[in-house]
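Please view the sequence and the structure shown below before reading on.

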Amino acid sequence: MIVGVIGGGQLARMMALAGLPLGMEFAFLDPEPDACAGATGELMVGAYDDPSMLDALARKVDVITFDFENVPESSVRALAARVPSLSSARALGVSQDRLREKTLFREIGVPTAEFAPVDTIADLESAVADIGLPAVLKTRRLGYDGKGQVVLRSVDELASGWEAISGAPAILEAFVPFRREVSVIAVRGRDGETAFYPLSENTHRDGILRLAASRPGDPATDAARKLAARLLEELEYVGVLVLELFDTDSGLVANEFAPRVHNSGHWTIEGAQTSQFENHLRAVSGLPLGDTSPIGPAVMLNIVGEAPDTEAVLAVRGAHLHLYGKEPRPGRKIGHVTVRSTEGAGLEIAVQELLALSGVG
């Protein structure tokens, strides 16, 4: 089977690394000639919306998926008409637009923050009057890793906040006081079978995920899985989908979802019986889903900006290093480290040792 992936970043690369042992081959479409997934399959260099490139990809592969949300929905729909089993175009479109996303949450009973569309400074003033402050102003499209959003704490900040997002179509969300951020990694097969991984507890800094820890048996697990299941069913989704949530004093509140494999699930490579990457490929290919049970407690730490010393990382007991083959630059995710342990104290010690290394966490 040849799997086509729209996008050639680290998520595509890790999908291929999971699929190669299953006898799968890969072709990637990406505008960058040095896209890091190219080391694991054929890299087709071209724009995501180039009809000739989409045609060439469709003729080459048996199934198609994508590795990030900013792929044009129109491209996915065009491919879906030609290549079997690609069923995520609607999910992709909803996830690309925060207003559509929040509206869907509300329609299917997934708790989320109060929100209002904002297209002008007058809309922003009206939304603040209704929702109150503090609140978060976010562009409707293309925001990720903290980009395209600003926290507003007083009415004096409205003009500067509007200027910060360059007056783009936006959404104002009520600020959610939370105890922690969590995500639930869900997978659904073509036949409707679903499976869920243990909850991930996530730590962000400067808008970027820095650490994700698996939480087997977490008391919020059942509630999170029920919310994710509503999304899977409503979207008739096939593959891995991740729902990010705020854990608050009054329960879980949805932040956003990603219709793809996700950074907070990287720990599943070493920490689960079947990784999120393998299960995504199993789902879109029509294969039985794999066991999502945890092997042991695991923590994933992102490598951001600069690579740590390889020898120092590998000297940490239980550490597994993943470098993506990407050029280092400030704020860029260039790899991650997962540490797994059957000893609770040993895991914490290993995490602290890794956090002391430059570039980690």
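Which residue in β7 does Val-136 stand opposite? Val-136 stands opposite Val-151.

## Basis of the report

The model is predicted, and local features are given at a pLDDT of at least 70, side-chain atom pairs only at pLDDT 80 or more, while totals for chains, interfaces and linings use all residues. Residues are numbered from 1 along each chain as its sequence is written, and side-chain values use heavy atoms, with hydrogens and water left out.

Helices (H or I, at least four residues) and strands (E, at least two) are DSSP runs, numbered from the N terminus. Two strands pair if DSSP finds at least two bridges between them.

## The antiparallel sheet

The strands β6 and β7, to which the opening question refers, run antiparallel and are joined by four bridges. They belong to an open sheet of four strands in the order β5-β8-β6-β7, with antiparallel pairing. Its edge strands are β5 (115–118) and β7 (149–152), each of which pairs on one side only. On average, neighbouring strands of this sheet are turned by 20° against each other, direction ignored.

Helix α6 packs on the sheet and touches β5, β6, β7 and β8. The direction of α6 makes about 170° with that of β5. Contact here means heavy atoms within 4.5 Å; axes are lines fitted to C-alpha atoms, for helices over the stretch in contact, and angles run from 0 to 180 degrees between N-to-C directions.

## The parallel sheet

Another open sheet has four strands in the order β3-β2-β1-β4, and the pairing is parallel. Strands β3 (42–45) and β4 (63–66) are the edge strands, each pairing on one side only. From one strand to the next, the twist averages 25°.

Strand β1 (residues 2–6) runs parallel to β4, and four bridges join the two. Within this arrangement, Ile-6 stands opposite Phe-66 in β4. Helix α1 (residues 10–19) packs on the sheet, where it touches β1, β2 (25–30) and β4. The direction of α1 makes about 170° with that of β2.

## Aromatic pairs

The structure holds five aromatic pairs. Rings of Phe, Tyr and Trp (its six-membered ring) pair if their centres lie within 6.5 Å; planes under 30 degrees apart count as stacked, over 60 as edge-to-face and the rest as tilted. One of the pairs is edge-to-face, because the rings of Phe-105 and Phe-257 have centres 6.3 Å apart and planes at 65°. Phe-105 lies in helix α5 (residues 98–107) and Phe-257 in strand β14 (residues 251–258), so the pair ties together parts that are 152 residues apart in sequence. Phe-105 counts as buried at 0% relative accessibility, and Phe-257 is buried with a relative accessible area of 3%. Buried means under 20% relative accessible area, exposed over 50%, and partly exposed in between (1.4 Å probe, protein chains only).

Phe-178 and Phe-246 form a stacked pair, at 4.9 Å centre to centre with 20° between the planes. This pair links distant parts of the chain, 68 residues apart: Phe-178 is in the loop between β8 (170–174) and β9 (180–188), and Phe-246 is in strand β13 (residues 239–248). Phe-178 is partly exposed, with a relative accessible area of 36%, whereas Phe-246 counts as buried at 13% relative accessibility.

## The surroundings of Ser-285

Ser-285 is found in helix α10 (residues 276–285). With a relative accessible area of 9%, Ser-285 is buried. Its side chain reaches the backbone oxygen of Leu-281 at 2.8 Å. Neighbours within four places in sequence left aside, Ser-285 is in contact with Met-1, Met-24, Val-63 and Arg-190.

## Backbone features

Most residues other than glycine have a negative phi, and most peptide bonds are trans. A cis peptide bond joins Leu-133 and Pro-134, with omega about 0°. Pro-134 lies in the loop between α6 (121–131) and β6 (135–139).

Two residues with positive phi may be described in turn. Ser-166 has a phi near 60° and lies in the loop between α7 (158–164) and β8; with a relative accessible area of 69%, Ser-166 is exposed. Glu-236 has a phi near 50° and is found in the loop between α8 (221–235) and β13. Glu-236 is exposed, with a relative accessible area of 57%.

Technical notes. Polar contact = N/O pair within 3.5 Å; in protein donor to acceptor, adjacent residues only side chain to side chain.
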